[in-house]
Amino acid sequence: MKTKKLIISAIVCLILIIASLPYMTACGGADKEGKTIKLGISTPSTGVAAEKGRPLEHGQKDAIAYVNAELGGVEGYQIEIVWRDNGYDAAQMSNIVRNFMDEGCVMFSTSSSAMMTASMGLANEYGFAGLAAFSSPNLYRPPQHIYGQLPDYGDDFLAFMDYYLDEMWEGSGQPKVAIHALNNSTGKGAINAARAYAEEMGITVLWDGAEGKAFEHKADSISEMESLTRIKAMNPDVLYISSTPAPTALIVKNARELGMDVVIASGHAGLTSALVDLAGEDAEGVYGVFPTVSWGDDVPGMDKMMEYCEANHPEDAGNGDYITGWTQSLIMMEIVRTALQNADYDALASGDADAWAITENEGIKKLVNYDVEGLHGPVSYTIDDNRLSKSVLIFKIQNGIIKAITDWIEAPVVRYEDLDWFGQ
Amino acid sequence: MSLPCGIRNLTYAQDMAIVRTKTQWGMLLGLLVVVFTAPLYLSNYWLGVFNLIGITIIAATGLNILTGYCGQLSIGHAGFIAVGAYTSAILTTRFEMPFLVGLICAGLMAGVIGIIFGLPSIRVKGFYLAITTIAAQFIIMWIINQWGWTGGQLGMTVPFASIGGYVFKSGMSQFYLIIGITVLCIFIAKNLVRTRVGRAFIAIRDNDLAAEVMGVNLTYYKLMAFFIGCFFAGIAGSLFAHWNITLTPEQFSFKNSILYVGIIIIGGLGKSVGPILGVLLINLLKEVLTINVVPFLEDKLTMFPSGFASGVTPMLFGLVIVLFLILEPRGIAHRWNLIKASYRLWPFSY
């Protein structure tokens, strides 16, 4: 009798629990319904770097649309985008960052190191964390509130030269390397790395006069025949270009026109399908460094990303910048997820100075081995190093396709701030 | 200046006064109340927008003195602003001088550099002078890019402005500092063109040969116009440096120099209110397009190819400027004068 009562009671309890489950779930969902977390995104979708900015913008927005639509947002909260086109105009950036702060964004991102450089003073002053897809050592050496999604332009140079010395250099003595650099932080990153490590690596950098002065070009350059003629006269073994795709393509074409017999390599700001489109056959055989996998590689996140790209922005198919944009948003949402696991939603959603501190301390600084669905190297925060991903791949353009020719290469931490010439 | 019907100037002081009628006083006070209470109802972002507008007005006022009043075409104004910005930044960071010293030195340094690049104006004018000022832009920016003290291409971080221990860090405090200096600069510029110097500038602009015959020393006054115009640019540069707190050479591009010329043409060349109206139109148009129009178009115009909204912004910006120049080639200041004239005659417009 007693057992029978217990069984009946248990069944009744079970029925009650099962019956109330939909209401409990509904209550949980209703709690989060309409609640959002804001992320600030700024891309150079117009202006001289638009060929990079547009695929980056599309990748970032598509990744957030995917997470909101298919994964129910981050921890049940929808992600709201506050997007601003900066037109690659440095004078615009500080007001865009002010706008992000006013709108209640928990953090912001820029695509380019130049735009982050223009706004980092405010971001550091207010403790408003920024994530730059493409970065240069000046953004976070010494580390403050600006983070690099990927290894920086200095890491590109070091990784490629390591590869070149190990796998390609067959001459005697030291190889001679000429650097053609964009006249902003994109170019400066490679110059700084070359200056810091040339002696240790055993390479001779062909400076344009004084040490530390590379051959420079502007983003809207229309001919580099003059500078390349001077470089050719110095008989280099390697021509390393640290720039955006359009000027990189111009330099490659001009170098081919001059009949330069050198190994040409590009940093990751220039190595995209836009380079192949712009330089055509002249791009064949160009090496480069890029911190994401190739388009179509067999990694977990590739199919979903390609599906969204095909549906929303088919013109970006094959473009590495789309992958970078997509992964940048995935990382920002992972930061929000980590922060939400360690802090209260209301505190984070307020988008004020406390929320910025939570995002940084409970989100960014607690990132450990986030795999970004295999699309680029793992993402972790390590003390005294604001580069969240530290791995790059070496690529070569063959038959119009940018193919990876190495496995992931880890870029070491370089404490540039300890060098007396850094920032001078 | 014309006055409403029935009002006469009875003394010299009345004749020279800038603000003369009760209506003008009322409007001025109303404007000052609106401006100085703006931080109470504007967000931090919009305060930032108006801070940048104030800084741009100072720089454009300098260019208006040089080009609008004295007729010396300068297409290197962003370079002179950069001189002021970096002078102030270097003095306050590397030499730890107070902000006010940096501000004044920024104006003086930009003024001196302006005189150096203004020297060709003694022999050439018009398009030829424009070419020499373009050279100024490129030479100045090259030096800034190469010189270690400026941080080169990576730029430099600058402290917020501070006076007597008070740091102008919040948007509101920066607004009062910048708008205060802007009002002062406009007042100085307005009065300058009513003095002997200003009349000499106008005489040179209208006919330099005739001016010389009248006894105007062309060399002296042309170089003075360069000094004053670039002094204002230097002050604007200093304020920009301590407001933005990050300086990079890319913030002072050749494109910006051309935009400054566009601003004073659209606002009204040789009118003290011209730079104010020109800057308000250009900056607000740019902000509204960037912040409101493009995101709206991105959301709503889904039938168009991706990137359409981004691409339409520069087109809209250019279209508005072109339409404006076609419909009101004498600048907004002329339209403003027509409105004032119509008010003076109202309600008997004959």
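1. Strands 10 and 11 of chain A. Ala265(A) has Tyr287(A), in strand 11 of chain A, as its bridge partner. Strand 10 (residues 263-266) and strand 11 of chain A pair in the parallel sense, over 2 bridges. Two strands count as paired if DSSP finds at least two bridges between them. Helices (H or I, at least four residues) and strands (E, at least two) are DSSP runs, numbered from the N terminus. From strand 10 of chain A the chain passes through helix 9 (residues 273-279) of chain A to strand 11 of chain A, a right-handed β-α-β crossover. Right-handed here means that, with the strands pointing away from the viewer, the path from the first strand over the helix to the second runs clockwise.

2. Basis of the model. This is a predicted model: local features need pLDDT of at least 70, side-chain atom pairs count only at pLDDT 80 or more, and totals for chains, interfaces and linings use all residues. Residues are numbered from 1 along each chain as its sequence is written, while chains are lettered from A and ligands numbered from 1 in the order in which they are written.

3. Phe290(A) stands opposite Leu393(A) of strand 12 of chain A. In a regular strand the side chains alternate between the two faces of the sheet. Strand 11 (residues 287-290) of chain A is covered on both faces. Tyr287(A) and Val289(A) are buried on one side, Gly288(A) and Phe290(A) on the other. A residue is buried if 20 or more other C-beta atoms lie within 10 Å of its own, exposed if 12 or fewer, and partly exposed in between; C-beta atoms are placed from the backbone.

4. The five-stranded sheet. In chain A, 5 strands form an open, parallel sheet in the order 2-1-3-4-5. Its edge strands are strand 2 (78-85) and strand 5 (146-148) of chain A, each pairing on one side only. Neighbouring strands are turned by 25° against each other on average, direction ignored. Strand 3 (residues 108-110) and strand 4 (residues 130-132) of chain A run parallel and are joined by 3 bridges. Thr110(A) stands opposite Ala132(A) of strand 4 of chain A. Helix 11 (residues 320-342) of chain A packs on this sheet and touches strand 1 (36-43), strand 2, strand 3 and strand 4 of chain A. The direction of helix 11 makes about 155° with that of strand 4 of chain A. Axes are lines fitted to C-alpha atoms, for helices over the stretch in contact, and angles run from 0 to 180 degrees between N-to-C directions.

5. Ala63(A). This residue sits in helix 2 (residues 50-70) of chain A. Ala63(A) counts as buried because 27 C-beta neighbours lie inside 10 Å. Leaving out residues up to four places away in sequence, Ala63(A) touches Trp326(A), Ser329(A) and Leu330(A). Contact means that the C-beta atoms of two residues, placed from the backbone, lie within 7 Å. Ala63(A) and Met305(A) are 242 residues apart in sequence, yet 7.5 Å apart in space, C-alpha to C-alpha.

6. Backbone points to check. Most residues other than glycine have a negative phi, and most peptide bonds are trans. Tyr88(A) is not a glycine, but has a positive phi of about 55°. Tyr88(A) lies in the loop between strand 2 and helix 3 (90-103) of chain A, and counts as buried because it has 25 C-beta neighbours inside 10 Å. Asn235(A), also not a glycine, has a positive phi of about 55°. Asn235(A) is in the loop between helix 7 (225-233) and strand 9 (238-242) of chain A. With 12 C-beta neighbours inside 10 Å, Asn235(A) counts as exposed. The peptide bond joining Arg141(A) and Pro142(A) is cis, with omega about 0°. Pro142(A) lies in the loop between strand 4 and strand 5 of chain A.

7. The interface. On chain B, 30 residues are in contact with 31 residues of chain A. Helix 3 (44-69), helix 12 (274-300) and helix 13 (308-327) of chain B each give two or more residues to the side that touches chain A. Helix 3 of chain B gives the most, with 5 residues. By class, this side of chain B has 9 nonpolar, 20 polar and 1 charged residues. Ala, Val, Leu, Ile, Met, Phe, Trp, Tyr, Cys and Pro count as nonpolar, Asp, Glu, Lys and Arg as charged, and the others, Gly among them, as polar.
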